[in-house]
Amino acid sequence: MRIMQMDCPTEEALIRKKLEPMEGVHSVHFNLMQRVLTVDHLPSALETILQAIRSLGFEPELPQEGKTLGKAMNAPAKPWWPLALAAIAALGAEALGWLGDFGWAPMVLALLAVALSGLSTYKKGIVAITNGNLNINALMSIAVTGALLLGNWPEAAMVMVLFAIAEFIEARSLDRARHAVERLMEVAPETVWAQGSDGTWASMAAANVQPGTILRARPGERIGLDGQVITGSSTVNQAPITGESMPVEKKAGDMVYAGTINGMSEIEYRVDAVFSNTMLARIIHAVQEAQGSKAPTQRFVDQFAKVYTPIVCALALLLAVVPPLIFQEPWFDWVYKALVLLVIACPCALVISTPVAIVSGLASAARHGILIKGGAYLEQGRKLVWLALDKTGTLTQGEPQQTDFFVIDAGVEGSSQDAIRDATGLRRVAASLAARSDHPVSQAIARAYHEDALGPLLPVQDFHAVQGGGTRGQVDATDYIFGSYRWVSSQLAGKLETPKIAQQVAALQEQGKTVTVLAAADQVLALFGVADTVKPSTRQAIAELHALGVRTAMLSGDNLPTAQSIGRQVGIDSVQAELMPADKLDAIEQYVGQGVTGMVGDGINDAPALARADIGFAMGAMGSDTAIETADVALMDDDLRKIPRFIKLSRATHAILIQNIAMALGIKAIFLVLTLWGTGTMWMAVFADVGASLLVLANSLRLLRK
């Protein structure tokens, strides 16, 4: 349920104390940033739960049948003029108090100021006191009432007005943090251009579009839903989803995502998912879920606050009673000091210091294409000692590329076609055979030929493929074989074993490349080297990880020479190859024993290791759904350089958490000493409380700019 009046730990503590002891309630879970309360209860207890919440002055909003709660909205804005009048009245009371005896005037102005600014505080305070909860509203109500009874009219008025102003600013700051992630949803257009069954185009609400519908994105428009391009080509700015700074080329067959911005050409795309299941919606949902989870520091602060407040309240009571009773000190002075201490007792700044920092960090990461599924992972990232990485699709592109081509013989003896006597002719023959095969290596060779625009392919007769070996076919009346080095060698009865060929093959294999051979008439014509090439960003990412003190390991199912070659290219510290999923899990177990360990992967075979690692990182673009669901952090554009950024953000978040806790406790400690020393005043205590709250909020919101 959503409770619009619930937006800080004060309300959480009040509701928790009311609901947890109730019969039929199993557990309560708060997401203050979204103002959502989740209660696990017996069906028969629902009405009793709602009545209990309403008795605290809150109005719960249940989701509609079959639907989830909508996005959190700002609470209705309070009119500003009562607060402005209250401030004027309080200043007037303070001025009259300084100028001299004006009779009842200071008292009237003070009461007016308290009435205009503090009625809601009194109402909440009375509810809290009747429920045995000494929150900030209860403490402020007691303190201001005590000041009025002691005759400190101007001070009581200023205290209440300052508190109300601080509450107003704090609410606006919390709204900024609360909606930092939800603003992402605003980048998706509400309407799209959709093609009807009769072929006509019309505007349609994005929320009503079903998978399979053809949509059109005109130049400069935002993509409405996730889908696959079917017509046209363009560049698309994917920064809202992946954080990429440069637009990405999109052509037929490529995926586009809701919220991304089309470039200068019109494209048409087929919708793959409904609006609520787009990548953008999944990102926002995951971060909202993460907002409700508590990081270790937050759990510690919550436990500390439970002890801190009762101790300070007990100290205030002793301060009010002991000196006058035992040492015959003036009651007025010590009761006043106790009231000041009551205001200082509220741990609001301390409790609010952690969730706002965590949410700001989560939002900052999401805006840059790093999806973190919980505050615990954001906080733990700074401790990473080892990072294990899968090879294929993680360190490398994930699909083979032709890297080398060597002509062994100038042509085929007896051939009447000059077209196959040079390097281009040999590549044309090989590509004509490769294009007929679905093997990834063959497809890489055919793709390289087309990318180099070397001309049309040749017709192939009598084509057939040999599983695990290669292909045979006839091109221009000549029989060719095209396949792996081992298979072609067996077909040629060892005629591959010439010094020149052996040397080139050995050189390619040492580099971890797959060797493919084109041969005809018992002669080797050409060698092709194919490899899964390293991503352009991988070397920089590994170097940045090392600079941050993180050691790296490769866990690959590929053969050892290939894995070692890739490891050398990118600077990996440790390479383990020929691993099955269970072997990767065992390897992660070993690294976990040496400190906090992360695992980066993109496939189903990486899921066990991702789950076992302290922090699992999934490649969000190429990764399988299993890997993304299992992982704790998803990199939305598969750029490994985001992991060093994640670690830096984790360290920055931790530093701000420590700063916030130090400020919250330090400021209160200073004013506590001043109060006991006899120089502390009630308005100073308000500054100690709400001033510290505003400071930690402002400090936490700095993370949104990182």
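**The selected residue and its setting**

Author: T653 counts as buried, at 0% relative accessibility; buried means under 20% relative accessible area, exposed over 50%, and partly exposed in between, with a 1.4 Å probe and protein chains only. This is a predicted model, in which local features need pLDDT of at least 70 and side-chain atom pairs count only at pLDDT 80 or more, while totals for chains, interfaces and linings use all residues. Residues are numbered from 1 along each chain as its sequence is written, and side-chain values use heavy atoms, with hydrogens and water left out.

T653 belongs to helix α23, residues 642–677. Helices (H or I, at least four residues) and strands (E, at least two) are DSSP runs, numbered from the N terminus. The side chain of T653 reaches back to the backbone oxygen of L649 at a distance of 2.8 Å. Setting aside residues up to four places away in sequence, the contacts of T653 (heavy atoms within 4.5 Å) are with A357, I358, G361, L378 and L703.

For the chain as a whole, 52% of the 706 residues count as buried, and the secondary structure comes to 24 helices and 26 strands. Of the contacts between residues at least 6 apart in sequence, 67% join residues at least 24 apart. The chain exposes about 31000 Å², of which carbon and sulfur atoms supply 58%; these areas come from the Shrake-Rupley method with a 1.4 Å probe, and for residues only the protein chains shown count as cover.

Burial is also found in strand β25, residues 615–619, where five of its five residues are buried. I615, F617 and M619 point one way from β25, while G616 and A618 point the other way. Strands pair if DSSP finds at least two bridges between them. β25 runs parallel to strand β24 (residues 597–601), to which four bridges join it, and I615 is the bridge partner of G598. β25 also pairs in the parallel sense with strand β26 (residues 633–635), over three bridges; here F617 has V633 as its partner.

Strand β5 (residues 191–195) presents two faces: V192 and A194 make up a covered one, and T191, W193 and Q195 an uncovered one. β5 runs antiparallel to strand β6 (residues 201–205) and is joined to it by five bridges, with Q195 opposite W201. β5 and β6 form a hairpin with five residues between them, and G199 in the turn has a positive phi of about 90 degrees. Two bridges join β5 to strand β7 (residues 214–217), also in the antiparallel sense; there A194 stands opposite L215.

Backbone angles call for a separate remark. Most residues other than glycine have a negative phi. A453, which is not a glycine, has a positive phi of about 50 degrees; A453 sits in the loop between α15 (440–451) and β17 (461–466) and is exposed, at 65% relative accessible area. A477 likewise has a positive phi, near 70 degrees. The place of A477 is the loop between β18 (470–475) and β19 (478–484), and A477 is exposed at 67%.

Q491, in helix α16 (residues 485–491), is partly exposed, with a relative accessible area of 34%. Beyond neighbours within four places in sequence, Q491 is in contact with R472 and I481. The C-alpha atoms of Q491 and I481, ten residues apart along the chain, are separated by 8.6 Å.

Finally, L317, V321, L325, I326, F327 and W331 form a nonpolar surface patch with about 640 Å² of accessible area together. Patches are made of residues with over 30% relative accessible area and no salt bridge, with like charges joined within 9 Å and nonpolar side chains (Val, Leu, Ile, Met, Phe, Trp, Tyr) within 5 Å; a salt bridge is a side-chain nitrogen of Lys or Arg within 4 Å of a carboxyl oxygen of Asp or Glu. Helix α9 (residues 296–327) gives the most to this patch, with five residues. W331 lies in helix α10 (residues 331–345) and is partly exposed, at 45%.

Conventions
A polar contact is a pair of N or O atoms within 3.5 Å; within protein, one must be able to donate a hydrogen and the other to accept it, and residues adjacent in sequence count only if both atoms are side-chain atoms.
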